Amino acid sequence: MSKLTLSQLESHLWESANILRGSIDSADYKNYIFGLLFLKRLNDVFEESQVHIAPTTGEEARQAERDTHQFVVPASSRWQRIQSVTEGIGEAINEALAALEQENATLSGVLATIDYNDSERLPDRLLQQLIKHFSAISLGNASLTEPDMLGRAYEYLIRQFADDAGKKGGEFYTPSKVVELIVKLIKPEEGMRVCDPTAGSGGMLIQTADYIRAKGGNPRRIALHGQERNLKTWAIGKMNLLLHGLCDHRIEKGDTIREPKLLADGELILYDRVIANPPFSLSNWGQEEAKADKLSRFRFGIPPKDKGDLAFVQHMVATLNPNGKAGVVVPNGVLFRSGAEAAIRKGLLAEDLVEAVIALPPNLFYGTGIPACILLLNKNKEAAKRQHVFFLNATGGYHEGKNQNFLRDSDVESIVSAYERGVDIEKYCRLVHDSEIQANDYNLNLARYIDSSEQEAQIDVGAALVKLRRLEEERSEIEGRMLGFLKELGYDA
């Protein structure tokens, strides 16, 4: 029996979306598709790994299953039972998901966010078609060509509908290459504790684990923490991490600024690496709560009430341990806006926390054309970078797409290589001393430090006149020959 490939699974998921097309909003496709995908995956792995257990009943049998399986799938959640239901299918799926949550503490609250019992948008006929569609493939480990395939397929569907989701639910998907770039810049290592305070669908944490695996480390020997305020996005992030085999994680529900939950003994947990793409220039971000903050997160100042960017940056700085490093995507306005934001920049620079500013190419992000950059923050810079900020203008390195632009592998490697070397490259990057930034009133706009304008060619006036006279002589000669031909043909000029 041939195994399922990633491209086949992606095609299968896309056909799932086609089944739903026209019945529900496309921004909600992934919620329903991945609820069923998750349920089918857990069912198939559970059945595949069933072992012969001595006949027992009641609690003994339940305990034996818990000892044997990562996730226990009770009888009411088995795929075969769902297949057998012909009426009230949505309610049956809801019951199956609820039973899974009840049986597995790590799934608490994750599956309850999806409601299939909507007869108007999800009639039995449509759900029956979806169940039949998923029944056509096996999602057990023995049926897949690679162990991480479910997670990668999940990312595929999130990516496909990222734009719609951004328009509807405030969700924000960071393009994979941008995430890869940040991860390669902050260089997480095995044994570290890593946090994404605006975790979204979990992509940044997953790529952190992928990076460690690619370097020969064990991704299970890293603590992955995060917080996400959008309930459905939080659930998707939890499923995403689980489908990638990253079970030992802590993703909290709630607003990071208003109600930080990654605490230990009432204090902020400190991290080796922090990585994030907070919502750009968020209004109503929680200014009043920030003024009353008891965790000393906003000691450099309170950002304007309609621009929360530097609130998230300060939260990230506050959660770094003494050797910690952070990478965050921010809109370019953070670099030069005046008032409270200028004061915050001054504070960050005074403590030598800003290591690099990397301007990104235009139109990389779904749903927004706002120019953006990466801020690298470091609590413990290497000696050569202290009292300096490394500026890099990467705005010209990208592949132009139809609806949005993309970073290529070569673009990512160029940025990482230049950052690691830390030397000046004309019109591309430059290591700038703090005194120069101070002289510019703590303005971090790259145009002040890197001249990327194209130099106008110098014109040699004398040579230009010689060329003009030569062209005039050639024109006169050609005109004389033409008049001669006309005369031979009987035309008087």
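**Entry 1: Asp309 and its helix**

In which helix is the place of Asp309? I looked, and Asp309 sits in helix α13. Helices here are DSSP runs of H or I with at least four residues, strands are runs of E with at least two, and both are numbered from the N terminus. Before going on, I noted that this is a predicted model, where local features need pLDDT of at least 70, side-chain atom pairs count only at pLDDT 80 or more, and totals for chains, interfaces and linings use all residues. I also noted that residues are numbered from 1 along each chain as its sequence is written, and that side-chain values use heavy atoms, with hydrogens and water left out.

Is Asp309 buried or exposed? Asp309 counts as buried, at 3% relative accessibility. Buried means under 20% relative accessible area, exposed means over 50%, and partly exposed is in between (1.4 Å probe, protein chains only).

Next I checked what Asp309 touches, leaving aside its neighbours within four places in sequence. I found contacts with Pro279, Phe280, Ser281, Pro331, Val334 and Arg337; a contact means heavy atoms within 4.5 Å.

Then I widened the view to all of α13, residues 309-318. Nine of its ten residues are buried, so the helix is largely enclosed by the rest of the structure. Among the buried ones are Leu310, Phe312, His315 and Val317. I wanted to know what the buried residues of α13 pack against. My list has the strands β5 (267-268), β6 (271-276), β7 (320-331) and β9 (372-378), and the helices α14 (333-336) and α15 (340-350).

**Entry 2: salt bridges**

How many salt bridges does a search of the whole structure find? I wrote down 24. A salt bridge is a side-chain nitrogen of Lys or Arg within 4 Å of a carboxyl oxygen of Asp or Glu. Side chains of opposite charge can pair when their charged atoms come close.

I picked out Arg81 and Glu95, whose side chains meet at 3.7 Å, N to O. Arg81 lies in helix α4 (residues 79-84) and Glu95 in helix α5 (residues 89-103), so this pair ties together parts that are 14 residues apart in sequence. Arg81 is partly exposed at 30% relative accessibility, and Glu95 is partly exposed too, at 40%.

Lys184 and Glu180 make another salt bridge, at 3.0 Å, N to O. They are four residues apart in helix α9 (residues 176-186), which separates them by about one helical turn. Glu180 is buried, with a relative accessible area of 17%.

Arg297 is buried, at 3% relative accessible area.

Which residues form a negative surface patch? They are Glu472, Glu473, Glu474 and Glu477. Asp and Glu count as negative and Lys and Arg as positive, while His and the chain ends are not counted. Patch residues have over 30% relative accessible area and no salt bridge; like charges are joined within 9 Å, and nonpolar side chains (Val, Leu, Ile, Met, Phe, Trp, Tyr) within 5 Å. Glu473 lies in helix α18 (residues 461-488) and is exposed, at 57%.

I then found a nonpolar patch of about 510 Å², made by Met482, Leu483, Leu486, Leu489 and Tyr491. The area comes from the Shrake-Rupley method with a 1.4 Å probe. Met482 is in helix α18 as well, and is partly exposed at 48% relative accessibility.

**Entry 3: two positive phi values**

Most residues other than glycine have a negative phi. I noted Asn363, where phi is near 55 degrees, a positive value. Asn363 lies in the loop between β8 (354-359) and β9, and is partly exposed at 29%. Phi of Tyr442 is also positive, near 65 degrees. Tyr442 is in the loop between α17 (434-439) and α18, and is buried at 18%.

**Entry 4: Ala223**

Ala223 lies in strand β2 (residues 223-228) and is partly exposed at 26% relative accessibility. Not counting residues up to four places away in sequence, Ala223 touches Met192, Arg193 and Val194. I also looked up Glu190, which is 33 residues from Ala223 in sequence and 9.2 Å from it in space, C-alpha to C-alpha.

Methods:
The place of a charge is taken as NZ of Lys, CZ of Arg, CG of Asp or CD of Glu.
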